[in-house]
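Please read the following note alongside the sequence and the model.

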Amino acid sequence: MIKYIHLLIFLFTLQSANAAEVNIYSARKEALIKPLLDQFSKETGIAVNIVTGKADTLLKRLEAENRNTPADILLTVDVARLVRAKEKALFQQIDSKLLNQVIPKNYRDDDKQWFGLSLRSRVIIYAPDRVDKNDLSSYMDLANEKWINRICVRSSSNVYNQSLVAAMIANYGLLKVERWGRGLVSNFARPPKGGDRDQIKAIAAGVCDVGLVNNYYLAGMLESSQKSDVVAAKKIRLFWPDQSTHGVHMNVSGAGILKSAKNKKEAIQLLEFLVGDFAQQWYADTNYEYSINSKLENSSVLKSWGKFKADELNLDLLGQHNIDALMLMDRVGWK
Amino acid sequence: MTRWNSLLVFISLLFSIPLAIVFGSLFFPEYEVWEHLRATVLIDYIGNSFALLIGVGFFSLLIGVIPAWLVTMYRFPLSRQLEWALLLPMSVPAYIIAYTYTGALDVAGPLQVTLREITGWQYRDYWFPEVRSLGGAIAMLSLVLYPYIYLLARAAFIEQSVCVLEVSRTLGCNAFGGFRRVALPLARPAIMVGLSLVVMETLADYGTVQYFGVSTFTTGIFRTWFGLGNSLAAAQMSALLLVFVAVFLYLEKRSRKQARYHHTSSRYSSLMQQRLTKGHGVIALIICAAPLSFGFIVPVSLLINWAIDTYLDVLGKDFYLLFFNSLFLAFITSMLAVGIALFMAYSNRNNQSLLNKIMVRLVSMGYAIPGTVIAVGVLIPFAWFDNSLDNFLIENFNISSGLLISGTVFILVFAYLVRFLAVSINTIEAALVKIKPVMDEVAKTTGMHTINILRSIHMPMMRGSLLTASLLVFVDVLKELPATLILRPFNFNTLAVRTYELANEELLAEAAVPALAIVIVGIIPVIIISNSISRSRPGHG
């Protein structure tokens, strides 16, 4: 038995003895990053090892493993968790000219600890046969009585909703947003359930008329190989909210390099690769996210939605107001 | 004996470390968070968890015990096939059956879309059961968890002496009376083991209720932890969950305190299955076929239907690796779980001190804790150990050991054991209880050692239960997701992880392929074990 355990330990520590490599803890699902990592390995000869999981459990693992953690990079799909990792002092400062050049200032950390890698917007979607576009205006307006029993949105346990509310707290203050939250919840057509695609399907099926989703889910369904997805998505239109005020709520998927990184050079190389043209084009073409590099072309679906005004709020604030947002959502009964 | 005892205490303590961490959190009360929870969501969490528990408990007893009795005692069309087929839903993870039924029956699913197209109705014009609801969650969990009760109930019915039933007949009981007044009470320890597994599994479930938007105590733990970023309060919630389970188990034990369940007669005449009349046979067939259909045939057909479209994209070289990883983990863990459980249950039988009892109970609590909480409870002490060792080696020998155990398969298997030892211990204990202590005493007078008694007397008598225990753990590990997700090494995926990642991106059709693979791998041991239980009737070789 003991022998066997030793053998196991030996086998599984062996793999970390390779030459050039970089190790990632990723909250981004394997399928949505692996092709890029493979390309990186092909170009540089650096092997990439990855463990995927939920951001918070990865944070917990990093905290427990402490300075001996094998991970070099933490990759997340939302800025709030990047800020949380920074608050827990897990990241180190990175001076990369390229990263600073490509990534707009509000999409990276002021202390150079985390960097946005791709952009997503949280938009209003609606059923054009039941909603007059002119009735839509802002996130705030969704609390209006005219939307009673007409709104679908996923659970407040989802970090995209938390970040939207956090951004609103930063823009309007806690009191105003709490009142808004009560109104919004009383307008729900059904208790929150499912993911963003579910809200799109629910609107297409007539359960509700208006919803809140990340833009790439709608694009993904429009371009899906499954006919039912395309049929549903075609019944939906996208609306850019807050165009005359703060602008559309934006979030990033991003990464930071860990304090204890043993492969810092390779890790920086990988981050630089991920903001490079090849990777950014891939984000846009495969996952319909907006490129962090404003000079690059977006995919055709994204272009069809036209230009829009984005909220230029410092994303750090989304992390700082995350807990306030969640407690607020508990109080207003957003399940 | 003392060496056995200290080993027992050592093993128990080792596997209780995660529990200790969970309970340790109680010493640091987080008043602020609790006040927030109490004022907002706590009532909802508790109410939903309670309703879920009662619902799943009731329905899984109903569709577990009755078919078990029917297939054991009667012959009717397909009864032979149903004996093993009724176990099949066990191989379907709860979150997968939830995804499948949602995909088919949801408002945007093919059935309702077609309905609207044919009739011209709008969404609000007709009533249709909402899959993603509390009721839906009860249905889903009952459909995949009832086999625990079925399996143990059937094994108990098979092991019962027909003589006892025949005596009940002579005393004027009809068939139903014999079932209600003799067979059912005799099978109670086994059925209760099954029920407590169901209860614990239900409390620990996160995937299904989260997907259905039902806020339970367990989703609350995750929300407190992830959302509010307060792992201490989350651990405290887990501790309360455990207290609830402990009280439930204690009350169950106490309520049958005076009763003893070993076989009183050692005469076993062969079980004469009564052939049912045509009408009764069809009714029995329907009763037994319903849970099998809804728990297995329908969801698996849907999965196959989806997989046909996508298997070419999903199957690749690395898919076989997933297959191997899942099998490897399930096999290793089930062997270890049975070995450890046998040791613990047996030590407890031979030395029924309070300490031993507490130790065994402690280790069997892990099943009720959500996998994520266990994983963190395993992660923290092992990482601490690794880091301390590393510090020590650097200071004294200038060698760095890095992380020795953390991030290896070893820690993963350890976490599985913490979570699933309850399954093997409960199953094996229930079997040991039925062996009369007189047998041990007689064996001792012939000069046999404890270990020999175990090997040559008890183990052959419990062969069915040992196999059952290993099967249960095997299938459980195959389906396990949250702990695997947190603790696995780099580039290490299992079928469950792959299924989750695809399903979580709402790519149900793609997720169908690895989901089917889990089901297929799970079916094989289910069939093997079922056959061996049929043959395990005492008095038959």
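1. In this predicted model, A:N23 stands opposite A:N49, a residue of strand β2(A). The two strands concerned, β1(A) and β2(A), where β2(A) spans residues 47-52, pair in the parallel sense over 6 bridges. Between them the chain passes through helix α2 of chain A, residues 34-44, and this β-α-β crossover from β1(A) to β2(A) is right-handed.

2. Is strand β1 of chain A mostly covered or mostly uncovered? The strand, residues 21-26, is mostly covered, with 5 of its 6 residues buried. A residue is called buried here if 20 or more other C-beta atoms lie within 10 Å of its own. As a general point, side chains in a regular strand alternate between the two faces of the sheet.

3. The contact between the chains deserves a separate point. Chain A contributes 46 residues to it and chain B contributes 45. On the side of chain B that touches chain A, the elements giving two or more residues are α2 (31-40), α11 (217-227), α16 (371-397), α17 (409-433) and α21 (482-487) of chain B. The largest share, 8 residues, comes from α16(B).

4. What is the make-up by class of the side of chain B that touches chain A? This side has 22 nonpolar, 15 polar and 8 charged residues.

Technical notes. Residues numbered from 1 in each chain as written. Chains lettered and ligands numbered in written order. Predicted model: local features only at pLDDT ≥ 70, side-chain atom pairs only at ≥ 80, totals over all residues. Buried ≥ 20, exposed ≤ 12 C-beta atoms within 10 Å, placed from the backbone. Helix = DSSP H or I, 4+ residues; strand = E, 2+ residues; numbered from the N terminus. Pairing = 2+ DSSP bridges. Right-handed = clockwise from strand over helix to strand, strands pointing away. Contact = placed C-beta atoms within 7 Å. Nonpolar A, V, L, I, M, F, W, Y, C, P; charged D, E, K, R; others polar.
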